[in-house]
Amino acid sequence: MRETIPAVQANHIHLTQVITNVPINAAEAMKAGDRQDWVLTVDTTTGAANGAVEIAISDNGGGADQVVLSQAFERGFSTRKDRSSSMGLHWSSNTMRALGGELLLESAGSGQGATVRC
């Protein structure tokens, strides 16, 4: 039986924009990697001690090396050459901090997919 996710106290609009932006980025990563078998997984967990909710959004896209992992949330950074603004993950990271949380990017490396935790 799946646990019940507790209510989250946050700005609804900002939180919705973050959890919408991350899967869009994941879909773009899978498309850029020419994946034919797209897999996007969304999972939630709660912290037993503090009641915090974590959302993990994972994809089987192109993954990220150490350079990308260290710069992914910087303003203007993008691995895609056809993007001009590249503000989505930067904005999402700043928004999560303002809401009292954080955004983390994890990947085992290029070609290994990635997970964003918020």
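## Report on a predicted model

In this predicted model, T115 touches A56, I57, S58, L104, L105 and E106, leaving out residues up to four places away in sequence. T115 sits in strand β4, which covers residues 114-117. Buried or exposed: which is T115? T115 counts as buried because its relative accessibility is 14%, and the cut-off for buried is under 20%. The T115 side chain also has a polar partner. A polar contact of 2.7 Å links it to the side chain of S58.

**Overall layout**

The protein has three helices and four strands. Along the sequence they follow the pattern α-β-β-α-α-β-β. Of the 118 residues, 31% are buried. Among contacts with a separation of 6 or more, 56% are between residues 24 or more positions apart. The accessible surface is about 7600 Å². Carbon and sulfur atoms hold 52% of that surface.

**The nonpolar core**

The largest nonpolar core contains 16 residues. L103 and L105 have the most contacts inside it. The elements giving two or more residues to this core are α1, β2 (53-59), α2 (66-71), α3 and β4. L105 is in contact with A64, V68, L69, A72, F73, A114, T115 and V116, once neighbours within four places in sequence are set aside.

Helix α1 has 21 residues. From first C-alpha to last it reaches 30 Å, close to the 30 Å expected at 1.5 Å a residue. At its start, a side-chain oxygen of N11 comes within 3.0 Å of the backbone nitrogen of I13.

An α-helix has 3.6 residues a turn, so residues three or four places apart point the same way.

Just after α1, D34 has a phi of about 55°. After α3 comes G100, with a phi near 90°.

How values were computed: Residues are numbered from 1 along each chain as its sequence is written. This is a predicted model: local features need pLDDT of at least 70, side-chain atom pairs count only at pLDDT 80 or more; totals for chains, interfaces and linings use all residues. Side-chain values use heavy atoms; hydrogens and water are left out. Buried means under 20% relative accessible area, exposed over 50%, partly exposed in between (1.4 Å probe, protein chains only). A polar contact is a pair of N or O atoms within 3.5 Å; within protein, one must be able to donate a hydrogen and the other to accept it, and residues adjacent in sequence count only if both atoms are side-chain atoms. Contact means heavy atoms within 4.5 Å. A nonpolar core is a set of buried Ala, Val, Leu, Ile, Met, Phe, Trp, Tyr and Cys residues joined through side-chain atoms within 4.5 Å. Accessible areas come from the Shrake-Rupley method with a 1.4 Å probe; for residues, only the protein chains shown count as cover. The expected span of a helix is 1.5 Å times one less than its number of residues.
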